[in-house]
Amino acid sequence: MRETVTLKLKNVFEDIGDQTQFAAAFFRNIFRNGFEWNEFIRQCYLIGLKSLNIVLITGFVLGFVLTLQSQPTLKDFGAEGYVPNMVAISIIREMGPVITSLICAGKIASGIGAELGSMKVTEQISAMDVSGANPIQYLVVTRILACTFMVPLLVLFADAMSFFGGYVGTNISGDMTGILYFNKSFASLIFSDFFPAFIKTIVFGFAIGFVGCYKGYHANKGTESVGIAANSAVVAASVWIIVLDALAVQLTSVFVYNQ
Amino acid sequence: MNTIIQIENLKKSFNETEVLKGVNLTLNKGENLVVLGKSGQGKSVTIQCIVGMITQDEGSIKVLGQEIKDLNEVELKNIRVKIGFLFQHAALYDSMTVRENLAFPLRRVLQIKDEAEIESLSIEVMKAVGLSDCLDKNPSDLSGGQRKRMGLARTLIVKPEIILYDEPTTGLDTITSKEISHLILDIREQYKASSIIITHDMLCARITADRILIMNDGQFIAEGTYTELENSNNDFINSFFKI
């Protein structure tokens, strides 16, 4: 029992050490011998545009469901007119960034984990390394930066669709013009609702890219490890998003809302 | 005779398993050295140590006069440019076309920016391996033999002084295997490269080898030409040559 715990602790510390080294390698290689612009743009396209559909659908449903769920309760208190305000604040501050990032973790982190894992297993990464090319710069830097750049944009699109979903939800049982709905939504928002949430999504994007690359790059040999890399990338990225969100909420409360 | 690679008393263990138990090897300029041995004896580990993919526990590996374990990241990269490594399954980048596979080391390793030069080098090397009409194909469209040729083309395009072949004919039929073996000989003539060829394929060994080393249990136990080893009185050595 004691030996098992010791072994598990050892593995945890080794993993932390490996991740630290991997992060250091990422930062060291960002601008070493130029920047891989073509691959970065290709990854932005794959990560951003190819994820847009699922993110837009999720955003719409989020706003729609949130409205339908909260409307009856607010109606009981005679506060039905506050539905747009409530939906807007919930979406911008919390639901939009977290739910969209979790969707991205499922789609993007697993994709990167599987792709790099497969490249590792078929010795493509070793071939790059042995040829004198820099696999960290070509494969890892571009993917992590593309995630860091694209996830916040995807969250913005998801937020916009959530507003639209909220508007549709409001008008299923009620009657509110689009102009009034969106005016009420934006009137309730202030800069300090947008800014911390936006910063948070940058961090989430980095976490998704980093975890996907780390898990894929460190896949053991064998086809089974490709599946394991993809699966563990999703799990780890999702946990990271939730943990980082909790941290971000605390920091925002202290530094932005002075609570 | 110039020594290109010199390995002395190379030892390597993985966890508790000692894989290399004091390997000594010399590769001379222009030579094709074949390494034979059963699976799991340490042949691939030896060549992976040569390019610094695996760090040895003990011993010395000198490539072109430089001690591999003493090199920093930049120096190791510079020496790797002079060593071509053909992986067992060719390790083609499957998200890129054949053309992009060839351009990859030119742009990133040799820092060639001129597209016309990249194109002409790609055509030249594809002609050398007999795949002139495959430049715009994807690696997934190539047959097993074509993939090996393509892998060799990507290795050759940076004009290495040394080529390490990790089982170049594995998984190929006899005719294609023979073609690849003759291609290895042609490449030596054309590119003046020295090679270490790890193989189980006796036909490949017979065609390509100037000298053969036989590895068993992490050490080399015999050395000689194909004919010398074929006529050996040692039963273990003979077992490689009997069909």
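Helix α5 of chain B covers residues 144-156, and at 1.5 Å a residue its 13 residues should span 18 Å; the end C-alpha atoms are 18 Å apart, so the two values agree. The expected span is 1.5 Å times one less than the number of residues in the helix. Helices (H or I, at least four residues) and strands (E, at least two) are DSSP runs, numbered from the N terminus.

This is a predicted model, in which local features need pLDDT of at least 70 and side-chain atom pairs count only at pLDDT 80 or more, while totals for chains, interfaces and linings use all residues. Residues are numbered from 1 along each chain as its sequence is written, and chains are lettered from A and ligands numbered from 1 in the order in which they are written.

To return to α5(B), 11 of its 13 residues are buried, so the helix is largely enclosed by the rest of the structure. A residue is buried if 20 or more other C-beta atoms lie within 10 Å of its own, exposed if 12 or fewer, and partly exposed in between, with C-beta atoms placed from the backbone. The buried residues of α5(B) include Gly145(B), Met150(B), Leu152(B) and Leu156(B), and also Arg147(B), Lys148(B), Arg149(B) and Arg154(B). Among the elements that cover them are β6 (83-86), α3 (98-108), α4 (115-128), β7 (162-166) and α6 (174-191) of chain B.

The domain assignment of chain B gives domain 1 (1-61 + 72-82 + 162-243) and domain 2 (94-159); such bounds come from an automatic or database domain assignment. The C-alpha centres of these two domains of chain B lie 25 Å apart. Their contact takes 12 residues from domain 1 of chain B and 12 residues from domain 2 of chain B, where two residues are in contact if their C-beta atoms, placed from the backbone, lie within 7 Å. On the domain 1 side, α6(B) gives the most, with 7 residues. By class, that side of domain 1 of chain B has 8 nonpolar, 3 polar and 1 charged residues. Here Ala, Val, Leu, Ile, Met, Phe, Trp, Tyr, Cys and Pro count as nonpolar, Asp, Glu, Lys and Arg as charged, and the others, Gly among them, as polar.

Chain B also has an open sheet of 4 strands in the order β2-β1-β4-β5, with antiparallel pairing. Its edge strands are β2 and β5 (66-67) of chain B, each of which pairs on one side only. Two strands pair if DSSP finds at least two bridges between them. Strand β1 (residues 3-14) and strand β2 (residues 17-28) of chain B run antiparallel and are joined by 9 bridges. Within this pair, Ile5(B) stands opposite Leu27(B) in β2(B). The two strands form a hairpin with 2 residues between them, and Asn15(B) in the turn has a positive phi of about 55°. Lys62(B) has Glu67(B) in β5(B) as its bridge partner.

Asn9(B) lies in strand β1 of chain B, and its phi is near 50°, a positive value in a residue other than glycine. With 13 C-beta neighbours inside 10 Å, Asn9(B) counts as partly exposed. Gln111(B) lies in the loop between α3 and α4 of chain B, and its phi is near 60°, again positive in a residue other than glycine. Gln111(B) is exposed, with 9 other C-beta atoms within 10 Å.

Chain A has 8 helices and 0 strands. Its C-alpha trace spans about 65 × 50 × 35 Å along the principal axes, and buried residues make up 45% of its 259 residues. Of the contacts in chain A with a separation of 6 or more, 88% are between residues 24 or more positions apart.

Helix α3 (residues 83-121) of chain A has a kink of about 60°, centred on Ile91(A). The bend at a residue is the angle between axes fitted to the seven residues ending there and the seven starting there. This helix of chain A is mostly covered, with 29 of its 39 residues buried. After α3(A) comes Glu123(A), whose phi is positive, near 65°.

Finally, the two chains meet: 9 residues of chain A are in contact with 14 residues of chain B. On the chain A side, these residues divide into 3 nonpolar, 5 polar and 1 charged.
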